[in-house]
Amino acid sequence: MAAAALVGVYFAGCATVDQKYGDEAWYQKSKQASAKAVEVTQTTASKAAELTATTASKAYARMQQYLAEKDVLKTFYDAGEHSETAVLSVLHKSGIAKQGAPHAPAPGGQTRPPKQSLPPLTTVPEQYSGAMRWPLDAYIVSSEYGERWGKLHKGMDMAAHVGEPVYAIADGEVIYAGDGLTGYGNVVIVRHDRKTTSLYAHNSELKVKQGDQIAKGALVALLGNTGHSTGPHVHFEIRDGDVAVNPRNVLPKSKLGVLDEPAAAVLARTLH
């Protein structure tokens with residue numbers, strides 16, 4: 001609408017130009033091109049709004065179904081331990097520094113300085129400055145980050161039906177996509193800056209490959225039940241360096257005023 005108004009004002013304000021050049025072929029072509037550009041812009045905006053509304057509506061419908069199946073979905077979570085060593089190997093090979101490891105003393109009581117090594121070249125920023133989103137639009141949390149089975153559960157288990165889209169929480173670079181990390185099944189790890197990563201495990205299908213540069217909201221996988229899992233869910237982790245942190249402390253809070261997340265996701269977290 002703004003574009004249409006702008007074009008209208010422009011030509012209305014140029015009545016003398018229209019009178020002067022109205023019979024010129026180039027002038028008529030220019031007016032036609034401008035009108036066509038406005039039509040295309042309006043059509044594109046309309047389709048985008050319609051798509052957004054449809055996507056939100058579908059997510060809401062799936063959320064209602066998941067809420068009805070909540071008691072069953074709550075039983076879908078990790079079935080055993082994941083290989084922390086394998087994940088740390090991926091992170092360290094990507095140049096993400098180890099956190100809090102004391103340095104062994106050198107002979108003579110002197111502290112041995114840490115080895116200096118340059119991280120591999122990447123296109124990720126030094127520090128990610130954009131907003132983040134949740135990885136699913138509709139889900140039920142089946143297991144929180146924190147103590148579980150006498151150990152720290154380093155992620156959040158988010159249960160849904162097989163095939164539920166799994167999205168990147170922020171811009172980044174895929175540093176791992178495969179099924180070679182014990183327990184995780186089909187897993188994707190995305191690096192968002194020099195030290196922040198996110199991990200999405202147990203997927204039925206991966207939609208990205210190592211080395212891909214992806215944007216926030218990019219489809220990275222389809223939810224599944226691979227690896228050590230009792231049922232379809234995503235084991236989701238966020239790490240600061242090589243240390244896992246609670247996703248709830250990093251991602252948007254579960255408030256209705258937070259519009260960066262789909263309303264269905266907000267509703268999901270406020271109900272558990």
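Guide: Start with a term. A residue counts as buried when its relative accessible area is under 20%, and as exposed when that value is over 50%. This is a predicted model. By that cut-off, buried residues make up 39% of the 272 residues in the protein. The protein has 6 helices and 13 strands.

Now go to helix α5, residues 84-93. Its buried residues are Ala86, Val87, Val90 and Leu91. Look down the axis of α5: these buried residues fall within an arc of 135°, so they line one face of the helix. Turn to the face pointing away from that buried side. There you find the exposed residues Thr85 and Lys93.

What covers the buried residues of α5? The cover includes four strands: β6 (172-178), β7 (186-191), β8 (196-203) and β12 (233-240).

Step back to the whole chain for a moment. Take the contacts in the protein with a separation of 6 or more: residues 24 or more positions apart account for 68% of them. The accessible surface of the protein comes to about 14,800 Å². Carbon and sulfur atoms hold 57% of that surface.

So much for the setting. Back at α5, keep the two faces in mind: Ala86, Val87, Val90 and Leu91 are buried, while Thr85 and Lys93 are exposed on the face turned away.

How values were computed:
Residues are numbered from 1 along each chain as its sequence is written. This is a predicted model: local features need pLDDT of at least 70, side-chain atom pairs count only at pLDDT 80 or more; totals for chains, interfaces and linings use all residues. Side-chain values use heavy atoms; hydrogens and water are left out. Buried means under 20% relative accessible area, exposed over 50%, partly exposed in between (1.4 Å probe, protein chains only). The arc is that of the directions from the helix axis to the C-beta atoms. Contact means heavy atoms within 4.5 Å. Accessible areas come from the Shrake-Rupley method with a 1.4 Å probe; for residues, only the protein chains shown count as cover.
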